[in-house]
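Please keep the viewer open as you read.

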Amino acid sequence: MSSSTQSDLPFSVLVEALEKISMTSSRIQMTAHLVELFKKTPPAVVDKVTYFLLGELWPSWTGLPELGVAEKMLIKAVSLSVNVPESKVEEQLKAAGDLGLVAEKLKLEKEHLGKGLLGFVKTVGEQLTVLRVYNSLTRIAHATGEGSRDVKLKILSGLLADASPREAKYIVRFIEGKLRAGIGEATIMDALSITYGGGAQNRPLVERAFNLRADLGTVAKVLAEQGIDALRKIKPQVGYPIRPMLAERLSDPEEILDKVGGKGLAEFKYDGERAQIHRIGERVWIFSRRLENITHQYPEVVSYILKYMKSREAIVEGEIVAFDPDTMELKPFQELMHRKRKHDVHVAMREYPVKVFLFDLLYANEVDYTSKPLIERKEKLKEIIDESEVLKLAEYLLIDNPRMLDEFFLKAIESGCEGLVVKAIHGNAIYQAGARGWLWIKYKRDYKSEMIDTVDLVVVGAFYGRGRRGGKYGALLMAAYNPELDVFESVCKVGSGFSDEDLEKMPEVLRQYVVPNKPPRVVVGSIEPDVWIEPALVAEVIGAEITLSPNHACAMNIVKPGAGLSIRFPRFIRWRPDKGPSEATTSDELVEMYKRQLKAIASERKALEEA
Ligand code: ATP
């Protein structure tokens, strides 16, 4: 019978291939064994065979349950299947360290015994097939609730009882997640293109299909059943994640511009979690950079999409970023990590609110945009999104010289971003799914600089709170002292670090210093507070680092024309009632701190280069 008319494959054939593969480390040989296996595999089950090879029942992003079989249950199933006490299995496991091997050995012993006593090799059971094993494992994965333990155990021990010793070894290893004998997706794609794709020359087509639809089982099946032309026609499908396009990295603006062809689109590099968002009608999926399904972690993002996306079917990409609802400032990635640790998603949503900045569009209303140039993708994205405070388009600027690039970089840093991603805008600047290439170049600092010392700054203004802080003050405008001119120069807006009590008492603390207009000795940049405060109160503040800023007055034009100094991610530590405003940190001191920071960065860079 030819394989094409069959609809199943003896499990032993798959196991034999796995055994051969486990004995080689040569990729060429591994591929040859896989080709041999695929040639015997009927197209109807090639997806299942592929999943087995990958050591999974389905791609993890499907959100379908995992097997949920703990080692203890597996030991019990092995013991039941060969009719020996659990303690014996455990003992052998201690010695061998691989439950798969133990299962194989015990089954062999049992067979031997049966043969010796009764004169036949296999005592009971039917021959296992790929479908039978797959379906049994699927049932195990789906068994939930009361009694599910018994159900799982029954199916599993039945499966192992019917398995040959070698089959048992691989079933156990699969369940333990220890199957992958170095068979990577790349090797499987090699073998698929040789077996069904007409040869290695069509490997790029297989890879393209996999990049657009991150499900190698499905890709294998389409290829095996319908041929390479069908793969050519594969386009993104809502609900199936697309492997993300990645950026190269450079730290010289001229070089960056050169690489993208003299001009490009410089975009804020937001410091959050990448999200690929799929929508069809009322259904929304969110996939992470690693293609995990993270929809349940961000219910509010689902609702933003339903509310502000005009297209009923689309795949877009963006960054989910935590923000402070009181100051509306963006917060660093770590905030999202805190959010993930919360078990109750409603608490997480309340304590760590997020915004989404969309930067790309991959699919909309049946059209595959991955093969279209960036500008076209951006235009369409703009067309289908009704921007709001919580769902925005990423901020970008078309640039054609290094100075523009650097200025925009400063703006990005000051806005709480990590730097920029500079993107090519020529006609071939497509969305390269699954590839790290020069069409996107990230420009962030390749060093870590830390603000070690705290500074003492003077309150010169206050901002009304929003969200939880509605009706109170939410943030303060802080200034450094410039003794030469005897003025207070704004440095940063502080909204973090206050305890509930600090916030509660703030109106009282500030009341006697509130003035209707800007106090004459206060100098600010483009950021003005809701309420002006006479310089009197001093607070200790720490931040991530000192940055150049066009928006604050501190040391304006001293370090760089058009730029003052600011503090990134500033945090209130405590009031300093022991200090008067003229004892606050001076602008010159901040310049010194900035210079020291630069030196530290330079030596860190040097150390990096020497390493
Ligand atoms: P990194 O650790 O630097 O974020 P990465 O390896 O996760 O890098 P890269 O492709 O090298 O990923 O860098 C781009 C990353 O930057 C994206 O994965 C995405 O999460 C993030 N990002 C933030 N803003 C943008 C933007 N405007 N365009 C593209 N990516 C952005």
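**Domains and distances**

Please bear in mind that this is a predicted model. The domain assignment of the chain gives domain 1 (3–55 + 182–232), domain 2 (71–176), domain 3 (246–445) and domain 4 (455–599). Taken over C-alpha atoms, the centres of domain 1 and domain 4 are 62 Å apart.

Thr 585 sits in the loop between strand S21 (571–575) and helix H21 (587–610), and Thr 585 is buried, with a relative accessible area of 10%.

**Salt bridges**

Across the structure there are 46 salt bridges.

| Salt bridge | Distance, N to O |
|---|---|
| Lys 269 – Glu 418 | 2.7 Å |
| Arg 339 – Glu 300 | 2.7 Å |
| Glu 504 – Lys 472 | 3.6 Å |

Let us start with the side chains of Lys 269 and Glu 418, which meet at 2.7 Å. This pair links distant parts of the chain, 149 residues apart: Lys 269 belongs to strand S2 (residues 264–269), while Glu 418 is in the loop between helix H19 (402–414) and strand S10 (419–424). Lys 269 is buried, at a relative accessible area of 16%, whereas Glu 418 is partly exposed, at 22%.

Next comes the salt bridge between Arg 339 and Glu 300. Arg 339 lies in helix H16 (residues 334–341) and Glu 300 in helix H15 (residues 299–308), so this contact ties together parts that are 39 residues apart in sequence. Both Arg 339 and Glu 300 are buried.

The last pair in the table is Glu 504 with Lys 472. Here Glu 504 comes from helix H20 (residues 500–511) and Lys 472 from the loop between strand S12 (455–464) and strand S13 (473–482), so the pair ties together parts 32 residues apart in sequence. Is Glu 504 buried or exposed? Glu 504 is exposed, with a relative accessible area of 52%, and Lys 472 is partly exposed, with 25%. Elsewhere, salt bridges with shared partners join Asp 456, Glu 540, Arg 574, Arg 576, Asp 578 and Lys 579 into one network.

**Strand S10 and its partners**

Strand S10 pairs with S2 in the antiparallel sense, over six bridges. In this pairing, Leu 265 stands opposite Lys 423 of S10. S10 also runs antiparallel to strand S11 (residues 436–444), to which five bridges join it. There, Leu 420 stands opposite Tyr 443 in S11. Six of the six residues of S10 are buried, so the strand is largely enclosed by the rest of the structure.

**Cavities**

How many cavities of 30 Å³ or more does a search of the whole structure find? The search finds three. The largest cavity has a volume of about 60 Å³. Val 13, Glu 16, Ala 17, Lys 20, His 33, Glu 36, Leu 37 and Lys 40 line the largest cavity, and the elements giving two or more residues to that lining are helix H1 (11–22) and helix H2 (27–40). By class, these lining residues are three nonpolar, one polar and four charged.

The second largest cavity holds about 40 Å³ of space. Among the residues lining the second largest cavity are Glu 267, Leu 358, Lys 378 and Tyr 396. Helix H18 (residues 374–384) gives the most to this lining, with three residues. The class count for the second largest cavity is five nonpolar, no polar and three charged residues.

Note on methods
Residues numbered from 1 in each chain as written. Predicted model: local features only at pLDDT ≥ 70, side-chain atom pairs only at ≥ 80, totals over all residues. Heavy atoms only, no water. Salt bridge = Lys/Arg side-chain N within 4 Å of Asp/Glu carboxyl O. Helix = DSSP H or I, 4+ residues; strand = E, 2+ residues; numbered from the N terminus. Buried < 20%, exposed > 50% of the residue type's maximum accessible area, 1.4 Å probe, protein only. Domains from an automatic or database assignment. Pairing = 2+ DSSP bridges. 1 Å grid on protein atoms, 1.4 Å probe; cavity = no way out; pocket = protein on both sides within 12 Å on 5 of 7 lines; lining within 4 Å. Points joined across faces, edges and corners; volume = space filled by probe spheres on them. Nonpolar A, V, L, I, M, F, W, Y, C, P; charged D, E, K, R; others polar.
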